[in-house]
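Keep the sequence and the model side by side as you read.

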Amino acid sequence: MIVDPSVQPEWPAPARVRTLVTTRQGGVSAAPYDSLNLGDHVGDDPERVGENRAQVEALLPGIPAWLNQVHGTRVLELDEADPVRRADAAVARKPGQVCVVMTADCLPVLLCDREGGAVAAAHAGWRGLADGVLEATVRHMGVPPYRLMAWLGPAIGSQAFEVGQDVFDACTHHDARAANAFLPAPSGVQGKYLADLYTLARLRLEMAGVWQVFGGRYCTYSDPERFFSYRRDGVTGRMASLIWLAP
(Lines give C-alpha, C1' and ligand atoms only; values in the text may rest on other atoms or scores of the structure.)
Protein backbone atom coordinates (compact mmCIF):
# COMPACT_ATOMS: atom_id res chain seq x y z
CA MET A 1 0.00 0.00 0.00
CA ILE A 2 1.71 3.18 -1.21
CA VAL A 3 -0.79 5.56 0.38
CA ASP A 4 -1.38 5.15 4.12
CA PRO A 5 -4.29 7.45 5.07
CA SER A 6 -2.96 7.75 8.61
CA VAL A 7 0.17 9.51 7.35
CA GLN A 8 -1.49 12.06 5.08
CA PRO A 9 -1.65 15.75 6.08
CA GLU A 10 -4.65 16.85 8.10
CA TRP A 11 -4.73 20.61 7.60
CA PRO A 12 -7.14 23.20 6.16
CA ALA A 13 -5.28 23.58 2.87
CA PRO A 14 -7.12 24.84 -0.24
CA ALA A 15 -8.68 22.12 -2.38
CA ARG A 16 -6.18 22.58 -5.18
CA VAL A 17 -3.26 21.81 -2.84
CA ARG A 18 -2.52 18.10 -3.13
CA THR A 19 -0.13 16.00 -1.07
CA LEU A 20 1.28 12.49 -0.87
CA VAL A 21 3.42 11.09 1.93
CA THR A 22 4.90 7.62 1.47
CA THR A 23 5.78 5.06 4.12
CA ARG A 24 8.13 2.12 3.69
CA GLN A 25 5.28 -0.12 2.50
CA GLY A 26 4.22 -0.98 -1.04
CA GLY A 27 7.45 -1.26 -3.02
CA VAL A 28 9.78 -3.87 -4.47
CA SER A 29 13.10 -3.29 -2.69
CA ALA A 30 14.65 -6.06 -0.62
CA ALA A 31 15.91 -5.78 2.96
CA PRO A 32 17.26 -3.56 4.44
CA TYR A 33 15.50 -1.22 1.99
CA ASP A 34 12.18 -3.03 2.15
CA SER A 35 10.14 -2.11 0.46
CA LEU A 36 9.21 1.33 -0.96
CA ASN A 37 12.66 2.89 -0.86
CA LEU A 38 12.77 6.05 -2.99
CA GLY A 39 16.38 7.05 -2.28
CA ASP A 40 18.84 6.46 -5.10
CA HIS A 41 21.87 7.26 -2.93
CA VAL A 42 21.63 4.68 -0.15
CA GLY A 43 23.02 1.54 -1.85
CA ASP A 44 19.77 -0.02 -3.06
CA ASP A 45 19.45 -1.69 -6.48
CA PRO A 46 18.89 1.21 -8.93
CA GLU A 47 16.34 -0.77 -10.92
CA ARG A 48 14.24 -1.39 -7.84
CA VAL A 49 14.48 2.26 -6.82
CA GLY A 50 13.37 3.18 -10.33
CA GLU A 51 10.37 0.86 -10.10
CA ASN A 52 9.45 2.26 -6.69
CA ARG A 53 9.62 5.81 -8.01
CA ALA A 54 7.56 4.84 -11.04
CA GLN A 55 4.81 3.53 -8.76
CA VAL A 56 4.72 6.83 -6.89
CA GLU A 57 4.94 8.93 -10.04
CA ALA A 58 1.91 7.12 -11.45
CA LEU A 59 -0.15 8.85 -8.76
CA LEU A 60 1.12 12.32 -9.61
CA PRO A 61 0.42 14.91 -12.31
CA GLY A 62 4.08 15.11 -13.29
CA ILE A 63 7.59 13.89 -12.48
CA PRO A 64 8.68 15.13 -9.04
CA ALA A 65 11.72 17.38 -8.78
CA TRP A 66 13.86 14.85 -6.87
CA LEU A 67 16.51 16.81 -4.97
CA ASN A 68 20.12 16.08 -4.12
CA GLN A 69 19.78 16.95 -0.43
CA VAL A 70 22.83 18.10 1.52
CA HIS A 71 21.43 19.31 4.88
CA GLY A 72 21.71 22.89 3.66
CA THR A 73 19.39 25.85 3.17
CA ARG A 74 19.23 26.27 -0.61
CA VAL A 75 15.70 26.48 -2.00
CA LEU A 76 15.04 25.36 -5.58
CA GLU A 77 12.48 27.29 -7.60
CA LEU A 78 10.90 24.69 -9.87
CA ASP A 79 10.82 27.21 -12.70
CA GLU A 80 14.64 27.19 -12.65
CA ALA A 81 16.56 25.06 -15.14
CA ASP A 82 18.79 23.24 -12.66
CA PRO A 83 19.62 19.64 -13.60
CA VAL A 84 21.77 19.12 -10.48
CA ARG A 85 19.02 20.14 -8.01
CA ARG A 86 21.42 20.40 -5.08
CA ALA A 87 18.99 21.82 -2.54
CA ASP A 88 17.01 20.97 0.58
CA ALA A 89 13.73 22.67 -0.28
CA ALA A 90 11.65 23.41 -3.36
CA VAL A 91 8.90 25.90 -4.23
CA ALA A 92 6.27 25.61 -6.97
CA ARG A 93 3.61 28.01 -8.24
CA LYS A 94 2.35 26.29 -11.39
CA PRO A 95 -0.12 23.40 -11.53
CA GLY A 96 1.54 20.03 -12.00
CA GLN A 97 4.93 21.02 -10.58
CA VAL A 98 5.66 18.51 -7.81
CA CYS A 99 7.89 19.40 -4.86
CA VAL A 100 9.41 16.49 -2.96
CA VAL A 101 11.82 15.84 -0.11
CA MET A 102 13.11 12.48 1.11
CA THR A 103 13.63 11.59 4.76
CA ALA A 104 14.40 8.77 7.19
CA ASP A 105 14.39 10.59 10.57
CA CYS A 106 14.85 14.20 9.43
CA LEU A 107 11.70 16.30 9.38
CA PRO A 108 9.75 16.85 6.13
CA VAL A 109 7.82 20.13 6.15
CA LEU A 110 5.09 20.89 3.59
CA LEU A 111 3.84 24.45 3.16
CA CYS A 112 1.14 26.25 1.19
CA ASP A 113 -0.62 29.60 1.21
CA ARG A 114 -4.29 30.07 2.02
CA GLU A 115 -5.14 31.00 -1.58
CA GLY A 116 -3.49 27.94 -3.12
CA GLY A 117 -1.03 29.98 -5.14
CA ALA A 118 2.24 28.47 -3.94
CA VAL A 119 3.47 25.26 -2.31
CA ALA A 120 6.79 24.12 -0.92
CA ALA A 121 8.54 21.13 0.62
CA ALA A 122 11.56 21.38 2.93
CA HIS A 123 14.00 18.82 4.35
CA ALA A 124 14.67 19.91 7.92
CA GLY A 125 17.17 17.96 9.96
CA TRP A 126 18.76 19.64 12.96
CA ARG A 127 21.45 21.24 10.79
CA GLY A 128 18.92 22.68 8.38
CA LEU A 129 16.73 23.93 11.19
CA ALA A 130 19.68 25.58 12.96
CA ASP A 131 20.88 27.21 9.73
CA GLY A 132 17.44 28.48 8.68
CA VAL A 133 16.12 26.21 5.93
CA LEU A 134 12.52 26.89 6.94
CA GLU A 135 13.00 30.67 6.98
CA ALA A 136 14.65 30.46 3.56
CA THR A 137 11.73 28.43 2.21
CA VAL A 138 9.19 30.92 3.57
CA ARG A 139 11.08 33.81 1.93
CA HIS A 140 11.21 32.04 -1.43
CA MET A 141 7.47 31.43 -1.41
CA GLY A 142 6.94 35.17 -1.81
CA VAL A 143 3.77 35.20 0.28
CA PRO A 144 3.19 37.11 3.54
CA PRO A 145 4.10 34.52 6.18
CA TYR A 146 0.86 34.99 8.11
CA ARG A 147 -0.96 33.66 5.02
CA LEU A 148 1.03 30.40 5.05
CA MET A 149 0.36 27.11 6.78
CA ALA A 150 2.75 24.21 7.40
CA TRP A 151 2.46 20.49 8.05
CA LEU A 152 5.15 18.57 9.91
CA GLY A 153 5.57 15.04 8.63
CA PRO A 154 7.12 11.84 10.00
CA ALA A 155 10.41 12.41 11.85
CA ILE A 156 12.33 10.90 14.74
CA GLY A 157 10.57 11.56 18.03
CA SER A 158 12.04 13.35 21.00
CA GLN A 159 12.20 10.18 23.09
CA ALA A 160 14.63 8.61 20.58
CA PHE A 161 16.74 11.50 19.28
CA GLU A 162 19.80 11.75 21.52
CA VAL A 163 22.24 14.50 20.52
CA GLY A 164 25.33 16.20 21.85
CA GLN A 165 26.26 19.63 23.08
CA ASP A 166 27.10 20.75 19.54
CA VAL A 167 23.49 20.30 18.46
CA PHE A 168 22.16 22.11 21.51
CA ASP A 169 24.54 25.02 20.91
CA ALA A 170 23.75 25.27 17.19
CA CYS A 171 20.00 25.26 17.76
CA THR A 172 20.01 27.78 20.62
CA HIS A 173 22.48 30.19 19.01
CA HIS A 174 19.79 32.32 17.32
CA ASP A 175 16.94 31.71 19.74
CA ALA A 176 17.39 30.93 23.42
CA ARG A 177 13.84 29.54 23.50
CA ALA A 178 15.10 26.53 21.55
CA ALA A 179 16.48 25.23 24.84
CA ASN A 180 12.89 24.21 25.59
CA ALA A 181 13.21 21.58 22.84
CA PHE A 182 15.92 19.72 24.76
CA LEU A 183 15.84 17.49 27.84
CA PRO A 184 18.80 15.86 29.59
CA ALA A 185 19.44 12.39 28.17
CA PRO A 186 18.34 9.48 30.39
CA SER A 187 21.97 8.37 30.62
CA GLY A 188 22.74 11.44 32.69
CA VAL A 189 25.93 12.06 30.69
CA GLN A 190 26.91 15.72 30.67
CA GLY A 191 26.28 17.36 27.29
CA LYS A 192 23.85 14.71 26.08
CA TYR A 193 20.24 15.65 25.33
CA LEU A 194 17.00 14.38 23.86
CA ALA A 195 16.02 16.80 21.08
CA ASP A 196 12.51 17.54 19.81
CA LEU A 197 12.65 18.34 16.08
CA TYR A 198 8.95 19.20 16.04
CA THR A 199 9.34 21.86 18.71
CA LEU A 200 12.44 23.26 16.99
CA ALA A 201 10.53 23.49 13.70
CA ARG A 202 7.54 25.21 15.29
CA LEU A 203 9.85 27.80 16.87
CA ARG A 204 11.62 28.50 13.57
CA LEU A 205 8.32 28.79 11.70
CA GLU A 206 7.01 31.13 14.38
CA MET A 207 10.12 33.29 14.00
CA ALA A 208 9.46 33.38 10.27
CA GLY A 209 5.87 34.54 10.86
CA VAL A 210 4.08 31.22 10.16
CA TRP A 211 1.51 30.57 12.89
CA GLN A 212 -0.65 27.82 11.38
CA VAL A 213 1.34 24.64 11.96
CA PHE A 214 -0.13 21.15 11.88
CA GLY A 215 1.11 17.56 12.21
CA GLY A 216 4.10 16.57 14.28
CA ARG A 217 2.72 13.43 15.92
CA TYR A 218 4.96 10.70 14.51
CA CYS A 219 8.19 8.91 15.43
CA THR A 220 10.05 7.19 12.62
CA TYR A 221 12.44 5.49 15.06
CA SER A 222 9.75 3.74 17.10
CA ASP A 223 7.52 2.66 14.19
CA PRO A 224 9.54 0.20 12.07
CA GLU A 225 6.44 -1.17 10.35
CA ARG A 226 5.64 2.15 8.67
CA PHE A 227 8.85 4.17 8.60
CA PHE A 228 12.48 4.00 7.62
CA SER A 229 14.85 5.28 10.32
CA TYR A 230 18.54 5.98 9.79
CA ARG A 231 19.16 6.35 13.52
CA ARG A 232 17.54 2.97 14.20
CA ASP A 233 18.87 0.91 11.29
CA GLY A 234 21.87 2.71 9.78
CA VAL A 235 21.53 1.23 6.28
CA THR A 236 17.95 1.90 5.25
CA GLY A 237 15.66 3.46 2.65
CA ARG A 238 14.04 6.85 2.27
CA MET A 239 10.42 7.99 2.33
CA ALA A 240 9.04 10.94 0.36
CA SER A 241 6.76 13.86 1.18
CA LEU A 242 5.29 15.52 -1.91
CA ILE A 243 3.11 18.56 -2.59
CA TRP A 244 1.73 20.19 -5.73
CA LEU A 245 -1.03 22.37 -7.11
CA ALA A 246 -3.93 20.94 -9.11
CA PRO A 247 -5.34 23.03 -11.99
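T23 is buried, with a relative accessible area of 2%; buried here means under 20% relative accessible area, exposed over 50%, and partly exposed in between, with a 1.4 Å probe and protein chains only. This is a predicted model, in which local features need pLDDT of at least 70 and side-chain atom pairs count only at pLDDT 80 or more, while totals for chains, interfaces and linings use all residues. Residues are numbered from 1 along each chain as its sequence is written, and side-chain values use heavy atoms, leaving out hydrogens and water.

You will find T23 in the loop between strand 1 (17-21) and helix 1 (46-57); helices (H or I, at least four residues) and strands (E, at least two) are DSSP runs numbered from the N terminus. Beyond its neighbours within four places in sequence, T23 is in contact (heavy atoms within 4.5 Å) with M1, I2, D4, V7, L36, R226, F227 and M239. A polar atom of the T23 side chain also lies 3.2 Å from the backbone nitrogen of Q25.

Now turn to helix 3 (residues 133-141): seven of its nine residues are buried, so this helix is largely enclosed by the rest of the structure. Those buried residues are V133, L134, E135, A136, T137, V138 and M141. After helix 3 comes G142, with a positive phi near 65°.

How values were computed: A polar contact is a pair of N or O atoms within 3.5 Å; within protein, one must be able to donate a hydrogen and the other to accept it, and residues adjacent in sequence count only if both atoms are side-chain atoms.
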